[in-house]
Amino acid sequence: MDLAKDHSGPPLTIIDVQGVWSASDGGRLTVRADGSAELKEVPEPGPGCGQRDSSHHTGPATWVFDTFPDESPGIRLDYPGADTGQTCSVYLSISISAEYGTKGFLPHHADPWYVRGRTP
């Protein structure tokens with residue numbers, strides 16, 4: 001199954017997304033089966049979505065299955081932004097293939113790739 005090439009393939013399941021997704025730049029997404037998540041040093045998707053003194057976010061989030069426009073299926077992680085009342089969203093576009101395994105990227109910050117490790 002290569003979801004990156006065939007958007008009509010089987011839908012993602014919790015088993016496909018839960019775990020710790022790590023990037024070489026230190027970013028990390030911990031995705032849990034209960035819909036909760038933890039972000040660490042994730043590049044902000046827009047103004048006011050990082051820590052007040054940084055362009056990155058670290059903290060709790062929630063997630064749901066979603067697809068960013070023109071990308072492969074994935075998940076959307078939501079968390080409160082630095083501005084009161086603002087909800088920020090980070091999308092993880094996921095690719096599963098026999099050749100490359102399971103990996104993902106953030107469409108707003110496509111490099112580096114996030115690689116899934118053990119389940120939390």
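Figure 1. H56 lies in strand β4, which covers residues 56–66.

**Figure 2. Surroundings of H56.** Apart from neighbours within four places in sequence, H56 contacts E41, V42, P43, E44, G50 and Q51. P43 is 13 residues away from H56 along the chain, yet the C-alpha atoms of the two residues are 4.3 Å apart. The side chain of H56 also makes a polar contact of 3.5 Å with the side chain of S55.

**Figure 3. The largest nonpolar core.** This core has 22 residues, and those touching the most other members are L29, L77, L92 and Y114. Two or more core residues come from each of β1 (19–23), β2, β3 (36–43), β4, β5 (74–80) and β6 (87–97). The largest share, five residues, belongs to β6. In soluble globular proteins, nonpolar side chains tend to be buried together.

**Figure 4. Contacts of L29.** Not counting residues up to four places away in sequence, L29 touches G19, V20, W21, E38, L39, V42, L77, L92, L106 and Y114. Among these, L77, L92 and Y114 are listed with L29 as the residues that touch the most other core members.

**Figure 5. Confidence of the prediction.** The protein has a mean pLDDT of 87, with 88% of its residues at 70 or more. Residues 1–6 have a pLDDT below 50, and this stretch makes 15 contacts in the model beyond near neighbours in sequence. Strand β2 (residues 28–31) has the highest mean, 97, and strand β8 (residues 109–116) the lowest, 91.

Terms used: Residues numbered from 1 in each chain as written. Predicted model: local features only at pLDDT ≥ 70, side-chain atom pairs only at ≥ 80, totals over all residues. Heavy atoms only, no water. Helix = DSSP H or I, 4+ residues; strand = E, 2+ residues; numbered from the N terminus. Contact = heavy atoms within 4.5 Å. Polar contact = N/O pair within 3.5 Å; in protein donor to acceptor, adjacent residues only side chain to side chain. pLDDT = per-residue confidence, 0-100. Core = buried A, V, L, I, M, F, W, Y, C linked by side-chain atoms within 4.5 Å. Buried < 20%, exposed > 50% of the residue type's maximum accessible area, 1.4 Å probe, protein only.
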